Amino acid sequence: MPDKPSFSKKFLVTAIRNNPVLFQCAGLCPVIAGTSTLKDSLFIAAVLSIDLVLSAIVASALLKKIPRYIRIAVYLVLGLAIVYPILWFIENRTLVEITLGIRIIIPIIAVNSLTAMHCETYSVKHPAGDSFITSLCAALGASGVIVICGLLREIIGKGSIGGYSLEMNTTLETMSMPFGCLIVLGFLAALLKSFRRTPVRYASDNTDNPLQPEEIALDIEHEEPPESVDLVIADYEEIDSILSSTDEFLKSLTSSSDEWGGDRE
Amino acid sequence: MKILTQLLITALYTIFVQNIVMTSGLGMSEVMRISPRPRTFAKFAVMISGFSVVTSVLCYFITSKSSSIDSYAAKAVVYGAVLGSVYLIAAFFTNLIVKDKENVAVLGIAALNTLVFAVPYINDSAAYSLIDCLASGFGAGFAFVLAAALIGSGARLIEKNKHIPAVFKGTPAMFFYVAMISLGFIGFTGTQLF
C-alpha cells in the first residue's frame, strides 16, 4: 500500500504546481474583481478560503450520494450560508471598512468556480479528512495569488501598501482595473512555471527528498522547446485533464480536440 | 417601438460597451474554459441569457415589491435563492422530463456562475427598469459568448506563435492576451486610462 502523501507534498502539488487560479483558471472572478487593494484582497482570500474548505468538507462527508446537478445547487446554498453572516456583520457592526465593490464581490464568491470544481473533482471522491487537507492547500494556493495580486496592484496602481502611502512619484492607475490583475496573473503564472521546470535538476541530486513531488518529473517533457503545438498548449491540456476528470459534470464540454479547425491534436 | 429601441440599446451596451466579462472579470473562469470549444457557444449563449433574464426579472419584481430587501446581505440571499430555484427547476425539467442528461451538466455551469449571479446586482446598482433588466439579461449571454470567441480565436494564434518564450506559453500568454482585450473594452467605456 503506498504511503499517504505528506501535507508538504500535497501543498506543493495542489497549491504550487497545480495552482488553481494560475494553471486551472478557477476562481478568476474574485481575483480579478476584488484585488485592487491589499485590504480587499485579504478579505476576499479569507472568505474564499472559508467557502472552499467548508464546502469541501460538507461535499465529502454528506453529498457523495446526491445527484451531481443537485450538489451544484448545494454549493450555492453553502456559499450563501457562509457569506450572509459576513455581509451582515460588515453592514451592521462595521466590522471592517471595505469598499462598495467588495460588498458585491463577496456574495459572488458563493458561486465561484473554484469551490464547485474542487468539490466535484476531488472532495466527493475522497474521505473528509483527506478532502480537508487538499482543500486547505488549494485555498492557500488561491489565497497566495489573491494577496500577491492585491499587494502589487495597490503598490503600482495607488502607490501605497494597506492604505499607507509610499509617496511614489508615479503610479499606474490602470493596475486597479481587470487589465492590471490579468497582467500580474500572467507574470505570476510564468514565474511559477519557471520554478516548475527547475526541480528536474534538483530531483536528480536529491532523489530521496520527500518534498519532491513525483509529478514535477513530468515537466522534463516541457523543458525542450516544442516543435509542434502539442506542447505549446501544455496548460490547456492540463485544464482539459481536469475537465475530463469531471466528465459527467462537464460531459458535453469535453468534446474532441480542436473545434477551431486547427491541428491541436 | 420605443420599448424595442430601449431594449436594443441596453442589450448592445451590455454586450459591447459594458461587457462585464471583459471589464469586470465576471464569469472569466468559465469563458476561458469553454473558449476552445466554439460548438458549445450557442448553447451557452441561450442558457446564460435565459438564466440571466429570468433571474433578473424575478429579482426586479421581488426587490421592487419589498422595501425590506435593501441591504447587501439580504440581496445576496434573495438573488441566490432565486437563481438556485430557477436552476433547480430547469435541471429537474431537463433531467426528469426531457431526460437530456448531457445538458444537465452544462446547465450547472451556465446557471451557477459569477456572471449570472452578478446581473441582478448590476441591474440594481444601475437602477434599471424592467425593460433594461430584460435587455441586460440577454446581453449577458451574448457578452459571454463574444468574450469566449475573442479569447478562443486569440488562443489559436498564441499556440501557433513560436516566438513566445517557453515559460510564457500556455496560461501566462493567455492572461496577457485577455488583459489586452480587457483594456480594449475598457476603452469603449470612456474611462480615462492615463
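Trainee: Is the crossing in which H4(B) passes H5(B) left-handed or right-handed?
Mentor: In this model, which is predicted, H4(B) passes H5(B) in a right-handed crossing.

Trainee: Which residues make the contact between H4(B) and H5(B)?
Mentor: On the side of H4(B) they are B:Phe51, B:Val54, B:Thr55, B:Leu58, B:Cys59, B:Ile62 and B:Thr63, and H5(B) brings B:Val78, B:Tyr79, B:Val82, B:Leu83 and B:Val86. By class, the residues of this contact are 10 nonpolar, two polar and no charged.

Trainee: Why is H4(B) called roughly antiparallel to H8(B)?
Mentor: The axes of helix H4 (residues 41-65) of chain B and H8(B) come within 8 Å, and they cross at roughly 155°. Because angles over 145 degrees count as roughly antiparallel, that is the word for H4(B) against H8(B). The contact of H4(B) with H8(B) divides into 18 nonpolar, six polar and no charged residues, and H4(B) passes H8(B) in a right-handed crossing.

Trainee: How do you know that B:Gln18 is buried?
Mentor: B:Gln18 has 20 other C-beta atoms within 10 Å. Since a residue is buried if 20 or more lie within that distance, B:Gln18 is to be called buried. The place of B:Gln18 is in the loop between helix H1 (2-17) and helix H2 (20-24) of chain B.

Trainee: What does B:Gln18 touch, leaving aside its neighbours within four places in sequence?
Mentor: With those neighbours left aside, B:Gln18 is in contact with B:Tyr13, B:Thr23 and B:Thr189. As for B:Lys43, it lies 25 residues from B:Gln18 in sequence, and the two are 22 Å apart in space, C-alpha to C-alpha.

Trainee: Which residues touch the most other members of the largest nonpolar core?
Mentor: That core has 130 residues, and those touching the most other members are A:Val83, B:Val21, B:Ile48, B:Leu115, B:Phe144 and B:Ala147. Helix H8 (residues 130-160) of chain B gives the most to this core, with 14 residues. If residues up to four places away in sequence are not counted, B:Val21 touches B:Leu26, B:Gly27, B:Met28, B:Val31, B:Leu115, B:Ala143, B:Phe144 and B:Ala147.

Trainee: How many residues does the contact between the chains take from each side?
Mentor: Chain A provides 60 residues and chain B provides 59 residues. The largest share of the side of chain A that touches chain B, 11 residues, comes from H4(A). By class, that side of chain A has 44 nonpolar, nine polar and seven charged residues.

Trainee: What elements does chain A have, and how much of the chain is buried?
Mentor: Chain A has 12 helices and two strands, and buried residues make up 48% of its 265 residues. Among contacts in chain A between residues at least 6 apart in sequence, 70% join residues at least 24 apart.

Note on methods. Residues are numbered from 1 along each chain as its sequence is written. Chains are lettered from A and ligands numbered from 1 in the order in which they are written. This is a predicted model: local features need pLDDT of at least 70, side-chain atom pairs count only at pLDDT 80 or more; totals for chains, interfaces and linings use all residues. A nonpolar core is a set of buried Ala, Val, Leu, Ile, Met, Phe, Trp, Tyr and Cys residues joined through C-beta atoms within 7 Å. A residue is buried if 20 or more other C-beta atoms lie within 10 Å of its own, exposed if 12 or fewer, and partly exposed in between; C-beta atoms are placed from the backbone. Helices (H or I, at least four residues) and strands (E, at least two) are DSSP runs, numbered from the N terminus. Two residues are in contact if their C-beta atoms, placed from the backbone, lie within 7 Å. Ala, Val, Leu, Ile, Met, Phe, Trp, Tyr, Cys and Pro count as nonpolar, Asp, Glu, Lys and Arg as charged, and the others, Gly among them, as polar. Axes are lines fitted to C-alpha atoms, for helices over the stretch in contact, and angles run from 0 to 180 degrees between N-to-C directions. Angles under 35 degrees count as roughly parallel, over 145 as roughly antiparallel, 65 to 115 as roughly perpendicular and the rest as oblique. A crossing is left-handed if the near helix is turned anticlockwise from the far one by less than a right angle, and right-handed if clockwise.
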